[in-house]
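Me: Hey, I've just opened this one and I'm new to it. Can you walk me through what's on the surface and how the chain is laid out?

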Amino acid sequence: MNLTAFSQSLMLDKNGDTTICFSINQSKFLAKEHYRAETYFKSDSICNLELIQKDRQIKMYIKIEDKLQNIINNQAGITKLKDEEMKGLKLSLESANKEIKKQKTYKVLSLIGGAVISGYLGFKYINK
């Protein structure tokens, strides 16, 4: 209902001040509308505060997400470094195993060669 549609009457009091008068029904309606408006303003204020709180929480969660993403990226980098280290260690282990096999082969060959030479020299010494 449009409030300007109310008919109003003007009265002068004993001091000469102008007073605007409404009927009882109009006054009840205006009081109800005033109460509803106050309720709406309070609800609007509460909603605005909740929106501000929501925005703060969203910003906080975005910061937390960024920090967690940085942690994930750091851990991925660490994993790559560890993988490279593992590859290097595997290569050095393979080369060390090859070197050990070579040394074992040389050792066996030198033992066989030493036994052959000792046997030959012993045979020569006995057959003199």
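Me: Which residues make the nonpolar surface patch?
Reply: Met60, Tyr61, Ile64, Leu68 and Ile71 make it, and the patch covers about 480 Å². Patch residues have over 30% relative accessible area and no salt bridge; nonpolar side chains (Val, Leu, Ile, Met, Phe, Trp, Tyr) are joined within 5 Å, like charges within 9 Å. This is a predicted model, with residues numbered from 1 along each chain as its sequence is written. Local features need pLDDT of at least 70 and side-chain atom pairs count only at pLDDT 80 or more, while totals for chains, interfaces and linings use all residues; side-chain values use heavy atoms, with hydrogens and water left out.

Me: Where is isoleucine 64 found?
Reply: Isoleucine 64 is in helix H1, which covers residues 24–126. Helices (H or I, at least four residues) and strands (E, at least two) are DSSP runs, numbered from the N terminus.

Me: What about charge, which residues form the positive patch?
Reply: Arg56, Lys59, Lys63 and Lys67 form that one. Lys and Arg count as positive and Asp and Glu as negative, with His and the chain ends not counted. The place of a charge is NZ of Lys, CZ of Arg, CG of Asp or CD of Glu.

Me: Lysine 63, buried or exposed?
Reply: Lysine 63 counts as exposed because its relative accessibility is 58%. Lysine 63 is in helix H1 too.

Me: OK, switching topic. How many salt bridges are there?
Reply: The whole structure has 4. A salt bridge here is a side-chain nitrogen of Lys or Arg within 4 Å of a carboxyl oxygen of Asp or Glu.

Me: What does glutamate 33 pair with?
Reply: Glutamate 33 meets arginine 36, at 3.1 Å from N to O. Both lie in helix H1, 3 residues apart, about one turn of the helix. Glutamate 33 is partly exposed at 26% relative accessibility, and arginine 36 is partly exposed at 42%.

Me: And lysine 82, what is its partner?
Reply: Lysine 82 bridges to glutamate 85, with the closest N and O atoms 3.8 Å apart. They are 3 residues apart in helix H1, so about one helical turn separates them. Lysine 82 is partly exposed at 48%, and so is glutamate 85 at 43%.

Me: What about aspartate 55?
Reply: The side chain of aspartate 55 meets that of lysine 54, at 3.2 Å from N to O. Aspartate 55 is partly exposed, with a relative accessible area of 35%, and lysine 54 is partly exposed with 38%.

Me: Now the big picture: what pattern does the protein follow along the sequence?
Reply: The pattern is β-β-α, from 1 helix and 2 strands.

Me: How much of the protein is buried residues?
Reply: Buried residues make up 2% of the 128 residues. The accessible surface is about 12,100 Å², and 63% of that belongs to carbon and sulfur atoms. Those areas come from the Shrake-Rupley method with a 1.4 Å probe; for residues, only the protein chains shown count as cover.

Me: Last one: where is confidence lowest?
Reply: In strand S1 (residues 9–12), with a mean of 66, while H1 has the highest at 94. Over the protein, the mean pLDDT (the predictor's confidence in each residue, from 0 to 100) is 88, and 90% of residues reach 70 or more.

Terms used: Buried < 20%, exposed > 50% of the residue type's maximum accessible area, 1.4 Å probe, protein only.
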